[in-house]
Each structure stands twice: as structure tokens, then as C-alpha cells.
Amino acid sequence: MELPLFAMLQRTPRVALTLSLVLFSLTIAPALYSLLAKPTIPLLISSSETDGPFPSDHMHPSVRILPPVNSPIPAPLNHTRHRKSSYHSPPVTTSTLRTQIRDDEQRCDLFNGEWIPNEESPYYNNATCWAIQEHQNCMKFGRPDTGFMRWRWKPDGCDLPIFDPNEFLEMVRGKSMGFVGDSISRNQVQSLLCLLSRVEYPEDISSSPDTAFKVWNYKSYNFTLHVMWSPYLVKTTKADPTDPECNLFSLYLDEYDTKWTSQINQLDYLVISSGHWFYRPVIFYENETIAGCQYCSLPNTTQLPLYYGYKKALRTSLRAILENFKGLAILRSFSPQHFEGGPWDKGGDCVRTRPYRRNETIPEGADLKIHDIQLEEFRAAEEEMKKKGLRLRLMDTTQAMLLRPDGHPGRYGHIQTAEVSLRNDCIHWCLPGPIDTWNDILLHMMKTEK
């Protein structure tokens, strides 16, 4: 005759004790660990809530100077010397969201997927990171929604681990990394600085006062981070150097920008990107002769499309890497803009508050043409580098970011006043925000190259 389960347990106390321990370890213990070891990080602080000093800046954000949109990364105020981060962030440990890429990695399509909810984020805020510039400090200027911070990228066929600052700093111990490009490149660097601030603040060891070229050192790891401003990637001058208001640039499409190409031989990692500045009025030079121009209205000068100059400039910059760099080079693809209701200079805005699903209809524009050029030039350069045993990889973030119209500052990149009318920013990315995923991807790419 079969006995009920409780009767069996009464007759077999050892079994009861064993089952009780198993149930405790599977249910109660994880819950206690979650409560004790993973406190919730506070949301970003708006301008109306910043009554105390920043832990790193020791300055009320209302007195910080608003930098121009294309200005370089600001130095950390009052603590430019190295020190450990004093902010008590959540412990940097593996969680359910930080699952490792599965062994069947060949099925993982890192750059195609969906954005899925992530209630663990954000991993820093505007009170814990000094590197957030005002025009990307979305919550300070009153952005009412916070959902844009609570998504993570889920590639097809695998999970992408969330950026682990301890793991990153151990991987780059004794090494150096450089970023070359425009303000979107700087946007990624700011994200990286903020993510690493959970472990350590860097020391500014720049050798010159030129703020467009910064060098940061993480003393505990002997890791140096270089930021090199080159929005066109090739040699560039102002068409009229005597006019400080001149917005017409001369691009020498077949000449290196030696301000950055002369420095990359000292680096172990290099991330290069560009694109947005090619929408401006420019004069194209080849063989030291004017080949044409774009939006310039110069007499007797051939009008050329932006694709002409971009293709040649990118090809030249990749050739510079081929000739001067021996480490891991990464070309990060174009970051799409999301203006709706008009172009950037005619009231266009980005007011969406959630990502697109990839089966939704998304407006297409010139951004994707630039992306096509990048793919074409990357493939050609990759073949050349393979022949020489060099490594060039593509960080193709365009598709993922095309799905994030909600991640831009929009009107919340500046003070909202009736007296001041500023254009909406649907090009750069809020910090924290979807651009943090670029550094998730960066770390993963670095790990696969080990």
C-alpha cells in the first residue's frame, strides 16, 4: 500500500531534512542574496533635484558651463588626479542578464536582434559620472520618461553580456586604446568612462592643452585611453583660416590626418568612426587640386555628392591603419539620426519613448547609404589586412541603433526656456542610454579576439 508523501517523510527524517535543505537553497537563499547583494541604483537626477554636490565634481550642476555640441570631453572637475570611485554602485557580478555567449557561437548574429527590457539598468547616472556633457544629460533638463534607459540588446541566437568594468580593465591591463572620429565617437568614450567609473576614475595625462586630444590613465591597471578628434578622418583645414566663423572646410581626400595617424602605432586597440560631418559644406582636394565641392556654391567648381568624399576619406583612413597599426582595429558603423516632423533645422524632433520592433516600418534616409559605403570599404580593407596578418573588425551597430528613436536628447539637451530656442538633438545619445550597448559589444569583440 502506497503512503502519502507526508507519511513517508515522517518515517524517513533524513529524506525530509535533505529535501528541506534543497528547497531552502533553491528558493529562500537566492532571494536573500538578491536583497542583500544587489541594491537598486538610483535613477538619473534632474536639474531640480541636484541640491547636493556631485560625488566626483564637488560642484552643483547648475553652475557647470554648457559646452558647444562639438566640444571635446570635459575634464573631471576638482579630481583630475587619479583616485578610486567613491560611489557605492551595485556589485559588479555575473547576473541572470550577464549570461555568457553560448558555445554554439557560430549561430550568434551579434548585430541583428531585438531590444528587450532590462530592469537592472542604468549602471550609472549623472550624479556618479563626471564625463556626461550637458547636451547628453537628458534627465537634468527634465526629460519626463526613464524607459529609454531600461533596454538591452538581444542578438539573434545568443545573449550579449552586459559590460563588466572589472573584466574590461583586467583585459586592457598594461595596454592602450584609442578612439578616432567625431562627437558620436566622443559620445561612446563618455559612455565608457561612465561605465568604468564604477571601478576607478582615470587621471588626465594629456601632454598638451589641446582638448581635442585627450589621454586618460587608469593607474591601478596601467591602462591608457586616447581620444582623438578627427570628424573627417583625413587632413582638413578651414577654407578661410582667418575667419573664425568660417564653416566651409577643405578636405584632402588622399592625405592622412597625421594628428591621429602618427599616434596609433603606440596603441593596442583602435576604434574608428565618422559620417555626420560629411553633411556640411566642404571642398574636396585630390592631388593638391580642387576636385569639386559639396554645398559650397563656388564658381567653376563641380558639385559632388557627400558619398563621393566620404567613400574616399574612409578609404584613405583605412589605408593609414593598414600602414601604421598592428593591433586590433575596429570600424564602428554609422549612427543613425531620427528626426521626425521636419529636418534638423526646421523643427524636426524625436519624441518617441520606446524602441521600434524590427518588423515595424522605419523611415529610411541617407544614413543607410553611408552604411553601405562603410560595408563596401570595410570588406576591401579587411582583405588587404588579412594578407598582412592584421586584424580589422566591423562593429555594425547601425541596425540596432536604427531601432532606438527614443534614445536621443531631443529637446532635453538644454534648458527649456521661452527666451532660448535651440534645435532638437536627434543625433547624439542620452547618457545613460542605448549607446552603452556599444561598449557591451566592444568588450565582447575584444574577448573573441583573445
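This is a predicted model: local features need pLDDT of at least 70, side-chain atom pairs count only at pLDDT 80 or more; totals for chains, interfaces and linings use all residues.

Biologist: How many aromatic pairs are in the whole structure?

Modeller: The search finds 13 aromatic pairs. One of them is Phe-163 with Phe-168, a tilted pair with 5.3 Å centre to centre and 40° between the planes.

Biologist: Is Phe-168 buried or exposed?

Modeller: Phe-168 counts as buried, because its relative accessibility is 0% and the cut-off for buried is under 20%. Phe-163 is also buried, at 2%.

Biologist: What about Tyr-232 and Trp-277, how do their rings sit?

Modeller: Their planes are at 90° and their centres are 5.7 Å apart, so this pair is edge-to-face. Planes over 60 degrees apart get that label.

Biologist: Where in the chain are Tyr-232 and Trp-277?

Modeller: Both are in loops, and the pair links distant parts of the chain, 45 residues apart. Tyr-232 is in the loop between strands S8 (223–229) and S9 (234–238), while Trp-277 is in the loop between strands S11 (269–272) and S12 (282–286). Tyr-232 is buried at 2% relative accessibility, and Trp-277 is buried at 9%.

Biologist: Which residues form a cluster with them?

Modeller: The aromatic cluster is made of Trp-229, Tyr-232, Phe-249, Trp-277, Phe-278 and Tyr-310.

Biologist: Which charged end sits over the ring of Trp-277?

Modeller: That of Arg-280, 3.8 Å from the ring centre. Elsewhere, Lys-235 lies over the face of Tyr-252, at 4.8 Å from the ring centre.

Biologist: Tyr-310 was in that cluster. Which residues of H6 are buried?

Modeller: Tyr-310 is one of the buried residues of H6, and others include Leu-306, Ala-313, Leu-314, Ser-317 and Ile-321.

Biologist: How does the span of H6 compare with what it should be?

Modeller: H6 covers residues 306–324, which is 19 residues, and at 1.5 Å a residue they should span 27 Å. The end C-alpha atoms are 27 Å apart, so the two agree. The expected span counts one less than the number of residues.

Biologist: New topic. How many cavities of 30 Å³ or more are there?

Modeller: There are three. The largest cavity has a volume of about 180 Å³. It is lined by 18 residues, and the closest to its centre are Ser-121, Tyr-123, Trp-151, Gly-433 and Asp-436.

Biologist: Which element gives the largest share of that lining?

Modeller: Helix H9, with three residues. Strand S3 (151–156) also supplies at least two. By class, the lining of the largest cavity has 11 nonpolar, four polar and three charged residues.

Biologist: How much of H9 is buried?

Modeller: H9 is mostly covered, with 11 of its 13 residues buried. Among them are Asp-436, Trp-438, Leu-442 and His-444.

Biologist: Last one. How much space lies in the second largest pocket?

Modeller: About 610 Å³. Of its 23 lining residues, the closest to the centre are Trp-229, Pro-231, Thr-236, Phe-249 and Trp-277. Trp-229, Phe-249 and Trp-277 also belong to the aromatic cluster.

Biologist: And which element gives the most to that lining?

Modeller: Strand S9, with five residues. Strand S10 (249–256) and helix H5 (258–261) each give two or more. By class, the lining of this pocket has 11 nonpolar, six polar and six charged residues.

Conventions:
Residues are numbered from 1 along each chain as its sequence is written. Side-chain values use heavy atoms; hydrogens and water are left out. Rings of Phe, Tyr and Trp (its six-membered ring) pair if their centres lie within 6.5 Å; planes under 30 degrees apart count as stacked, over 60 as edge-to-face and the rest as tilted. Buried means under 20% relative accessible area, exposed over 50%, partly exposed in between (1.4 Å probe, protein chains only). Helices (H or I, at least four residues) and strands (E, at least two) are DSSP runs, numbered from the N terminus. A charge sits over a ring if NZ of Lys or CZ of Arg is within 6 Å of the ring centre and within 35 degrees of the ring normal. On a 1 Å grid over the protein atoms alone, a cavity is a set of points where a 1.4 Å probe fits but cannot get out, and a pocket is an open set with protein on both sides within 12 Å along at least five of seven lines; lining residues have an atom within 4 Å of a point. Grid points are joined across faces, edges and corners, and a volume is the space filled by probe spheres set on the points. Ala, Val, Leu, Ile, Met, Phe, Trp, Tyr, Cys and Pro count as nonpolar, Asp, Glu, Lys and Arg as charged, and the others, Gly among them, as polar.
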